[in-house]
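My plan is to look things up one at a time and note what I find.

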Amino acid sequence: MSKQTEILHRLFEGVWNGENPDVADELVGPEYVIHDCEIAEEMRGPELYKTLVRMTREGFPDMEFTIEDAVEEGSKVALRWTMTGTHEGPMGDMEPTGKRVEMLAVEINRFEDRQLIETWTQSDMLGLMQQLESE
């Protein structure tokens with residue numbers, strides 16, 4: 001496993017899966033940005049990364065992320081990951097449903113000086129909403 005892919009595994013285990021959220025302070029660059037995310041207009045760096053996790057965990061306190069695939073080329077690493085969790089907190093205007101869900105996503109991450117500095121993510125939000133709204 002390359003250094004950049006190892007960094008992403010450490011971030012997913014430490015921050016997203018909650019083992020050591022402060023690892024973001026070391027592995028995420030001070031100007032980190034995630035594209036297509038409203039909150040990225042207000043903040044940058046490790047604080048942005050940890051805030052995204054905190055917001056997601058509010059809706060899915062037992063969430064768990066699994067990296068299914070990682071492909072690296074140059075300064076970029078593409079991931080395919082799965083998130084599972086139970087919808088126990090508010091998500092936008094939607095009240096908690098108590099439903100167990102699975103969401104798939106693909107993202108591209110860019111690194112500089114052994115730190116994550118940029119992410120583009122395409123998540124299956126339609127599939128997630130369909131799971132939450134189903135009877």
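**Entry 1: a histidine**

Where does H87 lie? I found H87 in the loop between β3 and β4. I am working from a predicted model, so I keep that in mind throughout. Next I looked up accessibility. H87 has a relative accessible area of 0%, so I put it down as buried. I then listed its contacts, leaving aside neighbours within four places in sequence. They are G59, F60, M94, E95, P96, T97, G98, K99 and L132.

**Entry 2: aromatic pairs**

How many aromatic pairs does a search of the whole structure find? I noted seven. One of them is W16 with F65, a tilted pair. I wrote down 4.9 Å centre to centre and 50 degrees between the planes. This pair links distant parts of the chain. W16 sits in helix α1 (residues 3-16) and F65 in strand β2 (residues 64-73), 49 residues apart.

I moved on to Y32 and Y49. Y49 is buried at 4%.

I also checked how the rings group. F12, W16, Y32, Y49, F65 and W81 form one aromatic cluster.

**Entry 3: the nonpolar core**

I looked up the largest nonpolar core next. In soluble globular proteins, nonpolar side chains tend to be buried together. Which members of this core touch the most other members? Of its 36 residues, I noted L11, F12, W16, Y49 and W81. The elements α1, α2 (23-27), β1, α3, β2, β3, β4 and α4 each supply at least two residues of this core. Helix α1 gives the most, with six residues.

Leaving aside neighbours within four places in sequence, L11 is in contact with W16, V23, A24, L27, V28, Y49 and L116. W16 and Y49 on that list also belong to the aromatic cluster.

**Entry 4: the largest pocket**

What volume does the largest pocket have? I wrote down about 910 Å³. Its lining has 33 residues, and C37, L52, T56, S123 and M125 lie nearest its centre. By class I noted 20 nonpolar, nine polar and four charged residues in the lining.

Which element gives the largest share of this lining? It is α3, with six residues. At least two residues each come from α1, β1, α3, β3 (76-86), β4 (100-112), β5 (115-123) and α4 (125-133).

**Entry 5: a strand residue**

I picked A105 in strand β4. At 4% relative accessibility, A105 counts as buried. Leaving aside neighbours within four places in sequence, A105 is in contact with L79, R80, W81, T121, Q122 and S123. S123 is also listed among the residues nearest the centre of the largest pocket. I also took one distance. The C-alpha atoms of A105 and R57 are separated by 17 Å, and the two are 48 residues apart along the chain.

**Entry 6: positive phi**

I looked for positive phi in residues other than glycine. D113 has phi near 50 degrees. R114 has a positive phi of about 60 degrees. Where do they lie? D113 is in the loop between β4 and β5, and R114 is placed in that loop as well. Accessibility is 75% for D113, which counts as exposed. R114 has 58% and counts as exposed.

Last, I looked up E6, which is found in helix α1. Its relative accessible area is 33%, so E6 is partly exposed. The C-alpha atoms of E6 and P90 are separated by 32 Å. Along the chain, E6 and P90 are 84 residues apart.

Notes
Residues are numbered from 1 along each chain as its sequence is written. This is a predicted model: local features need pLDDT of at least 70, side-chain atom pairs count only at pLDDT 80 or more; totals for chains, interfaces and linings use all residues. Side-chain values use heavy atoms; hydrogens and water are left out. Rings of Phe, Tyr and Trp (its six-membered ring) pair if their centres lie within 6.5 Å; planes under 30 degrees apart count as stacked, over 60 as edge-to-face and the rest as tilted. Helices (H or I, at least four residues) and strands (E, at least two) are DSSP runs, numbered from the N terminus. Buried means under 20% relative accessible area, exposed over 50%, partly exposed in between (1.4 Å probe, protein chains only). On a 1 Å grid over the protein atoms alone, a cavity is a set of points where a 1.4 Å probe fits but cannot get out, and a pocket is an open set with protein on both sides within 12 Å along at least five of seven lines; lining residues have an atom within 4 Å of a point. Grid points are joined across faces, edges and corners, and a volume is the space filled by probe spheres set on the points. Ala, Val, Leu, Ile, Met, Phe, Trp, Tyr, Cys and Pro count as nonpolar, Asp, Glu, Lys and Arg as charged, and the others, Gly among them, as polar. A nonpolar core is a set of buried Ala, Val, Leu, Ile, Met, Phe, Trp, Tyr and Cys residues joined through side-chain atoms within 4.5 Å. Contact means heavy atoms within 4.5 Å.
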